[in-house]
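User: I'd like to go through this model piece by piece, if you have a moment. Could you start wherever you like once it is on screen?

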Amino acid sequence: MKTLLVTGAAGFIGHNLTLQLLRQGRQVVGLDNLNDYYDPQLKRDRLAQLLPSASFTHADIDLADRDQVAALFGEYRFDAVVNLAAQAGVRYSLINPHSYVDTNLVGFVNLLEGCRHSGVRHLVYASSSSVYGANTRMPFSVHDNVDHPVSLYAASKKANELMAHTYSHLFGLATTGLRFFTVYGPWGRPDMALFLFTKAILEGRPINVFNNGNMERDFTYIDDIVEGVVRVIDHLPRPDGSWNGDAPDPGTSYCPWRVFNIGNNHKEKLMRYIEVLEECLGQKAEKNFLPMQDGDVPATYANVDDLVREIDFKPATSIEEGVQRFVDWYRDYYRI
Ligand SMILES: NC(=O)c1ccc[n+]([C@@H]2O[C@H](COP(=O)([O-])OP(=O)(O)OC[C@H]3O[C@@H](n4cnc5c(N)ncnc54)[C@H](O)[C@@H]3O)[C@@H](O)[C@H]2O)c1
């Protein structure tokens, strides 16, 4: 997989992944429209780290623009496509649902069509732990049904998995969906808890703690996500010969389609995460305890057995180590 299209290359995960792919000597076209869902300067600064590489080209294209995406696939021969561009965020999907439809659904079809017509060997795409929705059996397994999403964001990610399956079935396109579990680390997303908490604490403002702090998350460090994605790119999904339509396994298929959880396989209490952050910052947080937010889930926890079996990798970075690295980056980036 020498030549890759990475969508969302100026985003948190896309930027970190692209840096690693370039280090490995691969050619990357990074599609990103640098939209203003959060501070575009952070996206420009991430991109500025990629642009000096002769192996990197930026395509300033909206994924929802059918003609431009088709033209891009006409211009390059991609061995693999990694789709990380999305309208992310659970809470924002209650405010601006159309943005999720445009990028996550229309944009995803544009990519599927590009892959179908240009002989792409592997489409790897970001799904999310949020697809587990109302499920409560822990740890979340890809072999459980995920038919009860509680936000439009989650529904759009589940839709991606279903749409990918049809292309794997109809056209033999190899597709792998990755359900990421709360990713954090340097160059992180300003709309996510760690970033919001750090900013508020350093500015002497209270932090909003939802569900009165009774939340659990499988926090996954960015380098672990990158390592997992890189390994998955080169690992084509094989049809599962034992798949049986009488008892359909939601996690595999008779066609070249797979989904994996990528999580730390470690449930952390939100209050412990905050405690670790306070230790790293050397400052206590003033906490504003609030009820649960609509669309959110109280807990996530990933079963990663399939991932370990297929790519021989298990995320392992502790929050003590990962949060410290985030804080170091934050202080350096914002010169605090
Ligand atoms: N960060 C997490 O904890 C997490 C968890 C689960 C799933 N995910 C998924 O992983 C992927 C990457 O997430 P992230 O945290 O890096 O998010 P991000 O918002 O930092 O990155 C997404 C990038 O895609 C770009 N983009 C969005 N819409 C676009 C469009 N229409 N055309 C072109 N570019 C567009 C944005 O400008 C942004 O740079 C997303 O699909 C997200 O849903 C992330």
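**Helix 3 and other local features**

Analyst: This is a predicted model, and in helix 3 (residues 66-75) the buried residues are V69, L72 and F73. Because these residues cover an arc of only 95° around the axis, they lie on the same side of helix 3.

User: Which exposed residues sit on the face of helix 3 turned away from its buried side?

Analyst: That face carries the exposed residues D67, G74 and E75.

User: And what do the buried residues of helix 3 pack against?

Analyst: They pack against strand 1 (3-7), strand 2 (27-31), strand 3 (56-59) and strand 4 (80-83), and also against helix 4 (97-118).

User: Switching topic, how much space lies in the second largest pocket?

Analyst: The second largest pocket holds about 260 Å³ of space, and of the 18 residues that line it, K158, L162, D249, P250 and W257 are the closest to its centre.

User: Which helix gives the most to that lining, and how do the lining residues divide into nonpolar, polar and charged?

Analyst: Helix 5 (residues 152-171) gives the most to the lining, with four residues, while the lining as a whole divides into eight nonpolar, four polar and six charged residues.

User: One last thing, N135: where is it found, and is it buried or exposed?

Analyst: N135 is found in the loop between strand 5 (122-128) and helix 5, and N135 counts as buried because its relative accessible area is 18%, where buried means under 20%.

User: What does N135 touch?

Analyst: Leaving aside residues up to four places away in sequence, N135 touches F140, D144, N145 and V146.

Definitions and conventions:
Residues are numbered from 1 along each chain as its sequence is written. This is a predicted model: local features need pLDDT of at least 70, side-chain atom pairs count only at pLDDT 80 or more; totals for chains, interfaces and linings use all residues. Side-chain values use heavy atoms; hydrogens and water are left out. On a 1 Å grid over the protein atoms alone, a cavity is a set of points where a 1.4 Å probe fits but cannot get out, and a pocket is an open set with protein on both sides within 12 Å along at least five of seven lines; lining residues have an atom within 4 Å of a point. Grid points are joined across faces, edges and corners, and a volume is the space filled by probe spheres set on the points. Helices (H or I, at least four residues) and strands (E, at least two) are DSSP runs, numbered from the N terminus. Ala, Val, Leu, Ile, Met, Phe, Trp, Tyr, Cys and Pro count as nonpolar, Asp, Glu, Lys and Arg as charged, and the others, Gly among them, as polar. Buried means under 20% relative accessible area, exposed over 50%, partly exposed in between (1.4 Å probe, protein chains only). The arc is that of the directions from the helix axis to the C-beta atoms. Contact means heavy atoms within 4.5 Å.
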